[in-house]
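Let's take a walk through a protein model together. Keep the viewer open and follow each stop as we come to it.

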Amino acid sequence: MRAAAAASDWSGLLPELLEEISRRVGDVKRDRDAFAAVCRPWRRASSATGARLNRHALHLVSLRSGATAVDFSDRAGEVKKTVYLGTDAGGARPHRVIGCSRGWLVVVDKSCGASLLEPVADGRRLPLPDVTSFDCGFIRPLLADDLGGGVCFSVDHHAYRSHIRGPNKKARPSPPETVPIQTMRDEFFHKAALAVSGGDRRESFTVMVIHSGGSGLAFARPGDKCWTSLRTSASTRYQDIIHHDGAFYTISRGDGSIEAWEPSAHGGRTLKPRLVTGPVMAWEFKRCVEFHTETFRQQAYYEGARYLAERDDGGAGLLVVSTVAIFTDDNALRTRRFKVFAVDEREDRWRELQDIGDDVALLVGINHGRRVSTREYQCMEPGRIYYVLKSFAPEFDAMDEDGDDVEECSRYESGVHELRTGVASRKAVFRHAAGGHPVWFVPPVAAPPRR
């Protein structure tokens, strides 16, 4: 009986045979999704039969609508490879990507849970603590609301502010807020950064997140029972976070202050902040806007978007990329320009850069930045900023008039900005269905080892 069952176990077929079957399934999305959903070996075969990722190529990675797969596309939004996630990866379906580092994605799922997702091989996931497990207990699940029976959360901002400020500082009392699960999974987690201390065990990963509209910071490791909150100022709103040179670095949305969060000298699980550079908002705004107004004779407005970037090879140095919007005479958005600053911690200031090096390019996404070597990634040219941002381009007006619009899709534009000349050229305008915005992804040298 057991021998007969083993003989009929289709998941035990040779990988070569499964890959041949996968090739004959065809390119119909429904058929390929059904094939990949059978089991993990079939999913691996389905992913393996597609195009291989070029280690030295530039990719955008995004969740397919419905979160059945991860799509790798070029800068024009054309899908080059699809990796199927299957149903046995654990947890709810991924909903959006909030971080990408070292070949891993940090994703938020349909139930507002966060996890690490390995997108290259077979979609393995390492769950992070539940969103209701914050150490101060300010989030509680509500099974149903009185309106439509949907799942909601009770968010007690007063309890959170009291926790992070400490017992000696009073916070203004306020009643808990009822937040629908759709809003929580779309807005609660803003950005995540990943640190790897060595090895491939769960204990080697540490994830730090910006949450609650940019006002909160917390960190956790796979296997932890709760998120550990960090004490922050009530008026500070964080915009970006990266892991660099052994510490997590954050930059604020308002005055542009940069802090390094490092392990406490007294031990324990907490991280202590160290001020890297103080407020820079006033002079950064002035220099960015005056530069474009005087040079291009165009009306300019500082958008306030800032991105932290480090060398792809881990070399020393931290950069800040700021965006400036350029308008037409009719006050319509014409294009975007970028300014790059080197962070000088010793002199407590940012130094504007006209050149980022002969073998360096920058990647800028919706909420992240990255600095890479053009010697290793020869598809990019040095001294340029490759960007993908949400778009309000007029091309979409014609695209939407054809009546074939995709439900719940977002609009994006990709382009290249040459830093020395200040000229930006838009390469493509594309749409992406629900599933979160695309993020830059550089394939790792080798896929993370299987556990």
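Arg-349 is partly exposed, with a relative accessibility of 35%; here buried means under 20% relative accessible area, exposed means over 50%, and partly exposed is anything in between (1.4 Å probe, protein chains only). What you are looking at is a predicted model: local features need pLDDT of at least 70, side-chain atom pairs count only at pLDDT 80 or more, and totals for chains, interfaces and linings use all residues. Residues are numbered from 1 along each chain as its sequence is written, and side-chain values use heavy atoms, with hydrogens and water left out.

The side chain of Arg-349 meets that of Glu-347 in a salt bridge, 2.8 Å from N to O. The term salt bridge means a side-chain nitrogen of Lys or Arg within 4 Å of a carboxyl oxygen of Asp or Glu. Side chains of opposite charge can pair in this way when their charged atoms come close. Glu-347 is partly exposed too, at 49% relative accessibility. Look also at Asp-348, which has a positive phi of about 55° although it is not a glycine. Asp-348 sits in the loop between β21 (333–344) and β22 (349–353), and its relative accessibility of 44% makes it partly exposed.

You will find Asp-245 in the loop between β15 (238–244) and β16 (247–252), where it counts as exposed at 68% relative accessibility.

How many salt bridges does a search of the whole structure find? The search finds twelve. One of them joins Arg-420 and Asp-358, whose closest N and O atoms are 3.5 Å apart. This pair links distant parts of the chain, since Arg-420 is in the loop between β26 (410–418) and β27 (423–432) and Asp-358 is in the loop between β22 and β23, 62 residues apart. Both Arg-420 and Asp-358 are exposed.

Another salt bridge brings together the side chains of Arg-384 and Glu-418, at 3.6 Å from N to O. Arg-384 belongs to strand β25 and Glu-418 to strand β26, so this pair ties together parts that are 34 residues apart in sequence. Arg-384 is buried, with a relative accessible area of 18%, whereas Glu-418 is partly exposed at 27%. Elsewhere, salt bridges that share partners join Glu-262, Arg-274 and Glu-345 into one network.

Now turn to strand β23 (residues 360–364), where five of the five residues are buried. Both of its faces are covered: Val-360, Leu-362 and Val-364 are on one side, and Ala-361 and Leu-363 are on the other. Strands of a sheet pair through backbone hydrogen bonds, either parallel or antiparallel. Two strands count as paired if DSSP finds at least two bridges between them. Strand β23 runs antiparallel to β24, with five bridges joining the two, and Leu-362 stands opposite Arg-371 in β24. Three bridges join β23 to β25, and here the strands run parallel; Val-364 stands opposite Tyr-387 in β25.

Follow the chain into the loop between β24 (369–373) and β25 (384–390), and you reach Thr-374. Is Thr-374 buried or exposed? Its relative accessible area is 9%, so Thr-374 is buried. Among the residues that Thr-374 touches, not counting those up to four places away in sequence, are Asp-358, Val-360 and Pro-382; a contact means heavy atoms within 4.5 Å.

Note on methods
Helices (H or I, at least four residues) and strands (E, at least two) are DSSP runs, numbered from the N terminus.
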